[in-house]
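Okay, thanks for having me, everyone. Let me put the structure up on the screen, and then we'll walk through it together.

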Amino acid sequence: MRGRRIELIEIHGTTICAVRKDGKVAIAGDGQATQTGQNGGGMVIKGNCHKVRRIYNGSIISGFAGSTADAFTLFELFEGKLKQFNGDLMRASVELAKQWRTDKALRNFDAMLLASDGSNMLLISGNGDVLDPDGDAIAIGSGGYFALSAARAYLDAGVDWSAEEIARRSVGIAADICVYTNHNIITEVQDARA
């Protein structure tokens, strides 16, 4: 059609936070999907997305920030790598990051992942990064800095809350500040492997 302008759509933000405490890791994430056009303007298109889930027969928890379709493709690839390496989180994560960085189609994916087996917490990105945080918290997404700051403050203060409560409250603080994060928070908890 002549004269009709097609606007590109970009999906924005989320907040995913992982906290390790007392032999458990919790990953919490909000449920908001926001859509904006090239010329600004935007709207919440869904408020109850499940961005945190269990994979590899429930023994690995993971959360994503970024494009939903890209993240679901990455979850499938990640689960395949976990199967290939018998649940070895570090090895599967490194192999996923290598494939993500070198594959022409995957290289353009707009997403990041956090994953944990209950002991290790890893950030996996398309730049080839597989990062284990120095401390007991890590976060990604548009509200990630807010959630990470809150989680570190809670951990440093020695609050008598579980990893799940700290992760949930940290994402809640991000939701109060970040317009791309809401209070519909999903949390998964994984015990450390024996």
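Predicted model: local features only at pLDDT ≥ 70, side-chain atom pairs only at ≥ 80, totals over all residues.

Residues are numbered from 1 along each chain as its sequence is written, and side-chain values use heavy atoms, with hydrogens and water left out.

So, the overall picture. The protein chain has four helices and twelve strands; those are DSSP runs, H or I of at least four residues for helices and E of at least two for strands, numbered from the N terminus. Its C-alpha atoms fill a box of roughly 65 × 40 × 25 Å along the principal axes. Of the 194 residues, 46% are buried. Buried is under 20% relative accessible area, exposed is over 50%, and partly exposed is in between, using a 1.4 Å probe and protein chains only. Take contacts between residues at least 6 apart in sequence: 63% of them join residues at least 24 apart.

What about the inside? In soluble globular proteins, nonpolar side chains tend to be buried together. A nonpolar core here is a set of buried Ala, Val, Leu, Ile, Met, Phe, Trp, Tyr and Cys residues joined through side-chain atoms within 4.5 Å. The largest one has 20 residues, and I60, F78, L82, L89, L113 and I124 touch the most other members. At least two residues of this core come from each of strand 7 (60–66), helix 1 (68–84), helix 2 (89–102), strand 8 (111–116) and strand 9 (121–125). Apart from it there's another core, of 17 residues, including C17, A163, A174 and I185.

Let's zoom in on L113. Skip its neighbours within four places in sequence, and its contacts include F64, L74, L96 and I140.

Now F85, in the loop between helix 1 and helix 2. Is F85 buried or exposed? It's buried, because its relative accessible area is 13%. Beyond residues up to four places away in sequence, F85 touches R91, A92 and E95.

Last stop: L131, in strand 10 (residues 130–131). L131 has a relative accessible area of 43%, so it counts as partly exposed. Which residues does L131 touch, not counting those up to four places away in sequence? They're M121, L122, L123 and I138. And M90, 41 residues from L131 in sequence, is 9.7 Å from it in space, C-alpha to C-alpha.

Terms used. Contact = heavy atoms within 4.5 Å.
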